[in-house]
Amino acid sequence: MNKKKIIIFGTGEYADLATYYFNNDEKCDYEVVAYTSDPKYITSKNHNNLPVVSSDVVEQIYPPSNYDAHVALSYRKLNQIREEKYHLMKEKGYKLVSYVCSKSVTWPDLDVGDNCFILENQTIQPTVKIGNNVMIWSGNHLGHNCSIGDHTYISSHVCISGHVEIGERCFLGVNSAFADFIKVGSDCFIGMGADVVTNLEDGSMALCSKGNIFDKHDSLTKRVMKSYFRLEE
């Protein structure tokens, strides 16, 4: 199969991961052939045995008429840098391709924007809408009729119930959960393990309290161990 050739914006961990998935997923139609980055961040002319070119001239060396692109950057500055480079590559005329891992459960009506990166083991129910430039790490549940705003980052093992609306540039931490029909504004930070059961305004933060720890001598520990596991004192 002749795969379409793409340029990756970035040379860090996310770029390496994107390269692996694009090049090794048998059901993926794309092959990474080069990298680009801002001139001040280029320390070598090669990365993963592929050329690295300045973003100032990338469209001259790899013209958008012959190559597509994918921006593979992290959530730094609450996803603002990834959003900035997303628009930069669009302005240069590149088609920004999305990747949805073939090892996930999806339905034919899934609506995915451009430059999304969605890893394995997702359960994405019918009528889900995912915006542009969204990163979704492995092992999440996206309930029916939910929507994810542009430039948002979803960590692993997040549970989003049905009809939930997530705004733009949000960060959803590992093991966070969202009750159905919840609306989360833009630029929100949802910490690891947080339970969101009410609407959040733009720029809000939701945090989970750390679990209470009881040592083996505590009376509550002894009662629980005896009740659940039949352990005697």
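User: How much space lies in the largest pocket?

Analyst: In this predicted model, the largest pocket holds about 440 Å³ of space.

User: Which residues are closest to the centre of the largest pocket, and which elements give two or more residues to its lining?

Analyst: The lining has 19 residues, and those closest to the centre are Ser 37, Tyr 41, Leu 73, Arg 76 and Ile 81. Two or more lining residues come from each of α1 (13-24) and α3 (80-91).

User: How do the lining residues divide into nonpolar, polar and charged?

Analyst: Seven are nonpolar, five are polar and seven are charged.

User: Take α3 next. How many residues does α3 have, and what does it reach from its first C-alpha to its last?

Analyst: A helix can be checked against a span expected at 1.5 Å a residue. Helix α3 has 12 residues and reaches 17 Å, close to the expected 16 Å.

User: Which residues of α3 are buried, and what do they pack against?

Analyst: Buried means under 20% relative accessible area. In α3 the buried residues are Arg 82, Glu 83, Lys 85, Tyr 86 and Met 89. These buried residues pack against five strands: β1 (4-9), β2 (30-37), β5 (68-71), β11 (135-136) and β14 (153-154).

User: Now the strands. In what order do the five strands of the open sheet lie, and is the pairing parallel or antiparallel?

Analyst: The order is β9-β12-β15-β18-β21, and the pairing is parallel. At the edges are β9 (123-124) and β21 (195-196), each of which pairs on one side only.

User: How many bridges join β18 to β21, and which residue stands opposite Ala 177?

Analyst: Two bridges join β18 (residues 177-178) to β21, and these strands run parallel. Opposite Ala 177 stands Asp 195, in β21.

Note on methods
Residues are numbered from 1 along each chain as its sequence is written. This is a predicted model: local features need pLDDT of at least 70, side-chain atom pairs count only at pLDDT 80 or more; totals for chains, interfaces and linings use all residues. Side-chain values use heavy atoms; hydrogens and water are left out. Two strands pair if DSSP finds at least two bridges between them. Helices (H or I, at least four residues) and strands (E, at least two) are DSSP runs, numbered from the N terminus. On a 1 Å grid over the protein atoms alone, a cavity is a set of points where a 1.4 Å probe fits but cannot get out, and a pocket is an open set with protein on both sides within 12 Å along at least five of seven lines; lining residues have an atom within 4 Å of a point. Grid points are joined across faces, edges and corners, and a volume is the space filled by probe spheres set on the points. Ala, Val, Leu, Ile, Met, Phe, Trp, Tyr, Cys and Pro count as nonpolar, Asp, Glu, Lys and Arg as charged, and the others, Gly among them, as polar. The expected span of a helix is 1.5 Å times one less than its number of residues. Buried means under 20% relative accessible area, exposed over 50%, partly exposed in between (1.4 Å probe, protein chains only). Contact means heavy atoms within 4.5 Å.
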